[in-house]
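Dear colleague,

Please find below the structure that I am handing over to you. I would be grateful if you kept it open while reading the notes that come after it.

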Amino acid sequence: MATAALFDFDHQALPDLPAEAVEHGEVFTRRWVVELILDLLGYTPDKDLAELRIVEPACGAGAFLGAIAARLSESCRNHGRPITDAADAVEAFDLLEKNVAHSQELVVELLRANGWEHGHARQLATSWVKQGDYLLNAASRHRADLVVGNPPYIRLEDVPDDRMHAYRSACSTMGGRADIYIGFYETALLSLKPGGRLGFICADRWMRNQYGRKLRQLVTRRFSMDLALIMHDVDAFHDQVAAYPAITIISNQEQGSAVAADTSRAFGASQARNFLSWYAAGEQRPAMEDAYQAARMPHWFPDEDSWPAASPARLAVLEELSERFRLLEDETTRTRVGIGIATGADKVFITNDPDLVEQDRLLPLAMVRDTTSGTLRWNGSYLVNPWNSQGELVDLTDYPQLASYFRQHSGALRKRYVAIKQPERWYKTIDKVDHRLTAQPKLFFPDMKLTIHPVLDQGGLYPHHNLYFIVSGVWDMRVLGGLLLSKVAEAFVEAYAVKMRGGTLRFQAQYLRKIRVPDPNSISDGDRAALAAAFDNRDVKAATEAALRAYGLAELPD
């Protein structure tokens with residue numbers, strides 16, 4: 001990225017922003033943050049800014065608009081242009097009449113202070129700032145070189161139903177419980193000219209949660225994610241808000257290199273200048289400062305399900321591993337990730353009585369408690385199994401003990417949704433039993449654990465639904481277990497998984513499937529032996545050391 005000389009964050013004072021409480025999703029951005037975003041976009045006064053079109057979707061009291069006007073004014077002076085040449089260079093929207101009036105006065109005052117005629121200043125202020133709903137205004141579809149700002153953060157339940165319906169009709173990415181800032185991203189991105197760029201400071205939850213999936217899909221398929229600068233602890237706004245903000249720079253071009261960066265509470269105007277210098281220079285060496293960390297990656301993550309969260313240095317390593325290695329679940333190695341059986345009535349379907357029903361209707365069941373030590377120790381749980389080996393429900397007339405037992409509990413079984421939906425199959429479990437799975441060697445993973453915890457079943461047990469499992473047609477399960485016991489494998493899960501209170505991770509199938517692994521045949525005999533031994537001994541340190549060699553890594557950054 002080539003960016004011109006950095007604009008002075010304290011270059012020109014603007015009138016104070018109003019201190020009123022957040023209204024209509026307004027959260028006013030501090031001036032140095034505004035200047036940082038404009039610099040990241042390359043909107044600097046050494047360029048002929050009158051030739052560009054910059055749009056601000058929700059101008060509020062003018063935090064971005066004032067900085068834009070100041071830079072545009074200086075640019076016109078630098079290039080010998082009258083300010084009226086910039087009549088079409090800015091377009092700003094806001095829903096509230098008071099904000100439009102305040103922003104227009106701000107523009108007039110600033111341009112007058114820069115020596116431009118009052119009449120021209122008034123004409124431009126009226127032309128640039130309009131009252132309207134950006135998401136529903138046809139003018140917002142006009143092509144833009146740059147879109148910049150702090151979209152309003154309004155929860156779904158705070159938007160009137162008729163307006164939310166209109167937003168959803170206009171913005172296809174606003175599915176599920178999407179907050180309206182999702183629509184601002186979509187509308188802004190689709191308005192960009194080829195090579196155009198978006199620079200927002202906004203909540204970053206869309207990068208990982210379910211309602212952001214369609215937006216991630218849009219970005220992944222059609223745009224380039226250039227920068228994600230996480231600013232959760234930074235004093236970026238005039239009001240104290242728990243918005244989990246991040247600055248994102250996204251451009252309308254094929255995906256190129258991308259920067260992941262994180263900040264601490266110490267990140268302010270001075271540190272922003274330093275970060276900007278690193279970013280603008282195209283540095284390949286990671287930045288590791290007290291106030292921020294940053295790493296440049298050859299690509300952004302292509303996955304649409306969720307984007308990972310970790311330190312920039314670790315994200316860079318995960319991206320590199322994603323480029324070099326295949327996913328854990330893979331047809332070539334016939335490796336599959338799955339979840340154990342859900343019954344809908346565990347109190348009925350799970351027993352420790354080996355004489356409860358006919359012997360062939362009792363399936364030995366692995367429970368989470370069986371995996372606690374790291375070595376599988378079966379506690380004698382059985383599934384009262386209504387499925388035959390062909391995957392069909394058994395005929396209860398063939399199993400009088402089973403029939404009697406189920407009829408004793410028919411009230412509880414028939415109340416389940418699965419039984420209401422199929423009343424003639426009232427004694428079925430939610431999931432079918434795949435009898436082939438029982439005899440296969442497999443790795444079990446408890447759903448919730450502080451650290452990754454693979455446990456080997458040599459065959460003989462069927463997993464309960466609080467256990468996830470991995471089976472493979474190629475891998476030696478002890479070698480694979482050693483890889484998955486390592487901190488390298490855990491880093492993938494940690495980057496994607498939901499983290500519960502106390503730091504507990506969810507080791508669900510969708511997160512296990514994010515793990516990348518080397519080709520089994522590429523691992524040396526020595527490392528295979530080391531991984532297997534580390535797994536047997538539950539030695540995470542030894543497993544990690546062998547895994548680093550197998551992945552070709554010198555270290556795993558924190």
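The notes below cover a sheet, salt bridges, one threonine and a pair of helices.

This is a predicted model, in which local features need pLDDT of at least 70 and side-chain atom pairs count only at pLDDT 80 or more, while totals for chains, interfaces and linings use all residues. Residues are numbered from 1 along each chain as its sequence is written, and side-chain values use heavy atoms, with hydrogens and water left out.

**The sheet**

Helices (H or I, at least four residues) and strands (E, at least two) are DSSP runs, numbered from the N terminus. Four strands form an open sheet in the order β12-β20-β16-β18, with antiparallel pairing; two strands pair if DSSP finds at least two bridges between them. At the edges lie β12 (336–339) and β18 (455–457), each of which pairs on one side only. From one strand to the next, the twist averages 30°.

Within this sheet, β16 (residues 442–446) and β20 (residues 467–471) pair in the antiparallel sense over four bridges. Phe 445 has Tyr 468 in β20 as its bridge partner. Helix α15 (residues 477–485) packs on the sheet and touches β16, β18 and β20, where contact means heavy atoms within 4.5 Å. The direction of α15 makes about 30° with that of β16; axes are lines fitted to C-alpha atoms, for helices over the stretch in contact, and angles run from 0 to 180 degrees between N-to-C directions.

**Salt bridges**

Side chains of opposite charge can pair when their charged atoms come close. The structure holds 29 salt bridges, each being a side-chain nitrogen of Lys or Arg within 4 Å of a carboxyl oxygen of Asp or Glu.

One of them joins Asp 457 and Lys 442 (2.8 Å, N to O). This pair links distant parts of the chain, with Asp 457 in strand β18 and Lys 442 in strand β16, 15 residues apart. Asp 457 is buried at 4% relative accessibility, and Lys 442 is buried at 0%; buried means under 20% relative accessible area, exposed over 50% and partly exposed in between (1.4 Å probe, protein chains only).

Another salt bridge is formed by Arg 30 and Asp 235, whose closest N and O atoms are 3.4 Å apart. Arg 30 lies in the segment before α1 (31–40) and Asp 235 in the loop between β6 (224–230) and β7 (245–251), so the pair ties together parts that are 205 residues apart in sequence. Arg 30 is partly exposed at 23%, as is Asp 235 at 39%.

A salt-bridge network links Arg 31, Glu 35, Asp 39 and Arg 71.

**Thr 248**

Thr 248 belongs to strand β7 and is buried, with a relative accessibility of 1%. Its side chain makes a polar contact with that of Tyr 185 (2.7 Å); such a contact is a pair of N or O atoms within 3.5 Å, where within protein one must be able to donate a hydrogen and the other to accept it, and residues adjacent in sequence count only if both atoms are side-chain atoms. Leaving aside neighbours within four places in sequence, the residues in contact with Thr 248 include Leu 198, Phe 200, Trp 206 and Met 225.

**Helices α1 and α8**

The axes of α1 and α8 (residues 269–280) come within 10 Å and cross at roughly 5°. The two helices are therefore roughly parallel to each other, a description used for angles under 35 degrees. Trp 32, Leu 36, Asp 39 and Leu 40 of α1 make the contact with Ala 269, Ala 272, Phe 275, Leu 276 and Tyr 279 of α8.

With kind regards

Note on methods: Angles under 35 degrees count as roughly parallel, over 145 as roughly antiparallel, 65 to 115 as roughly perpendicular and the rest as oblique.
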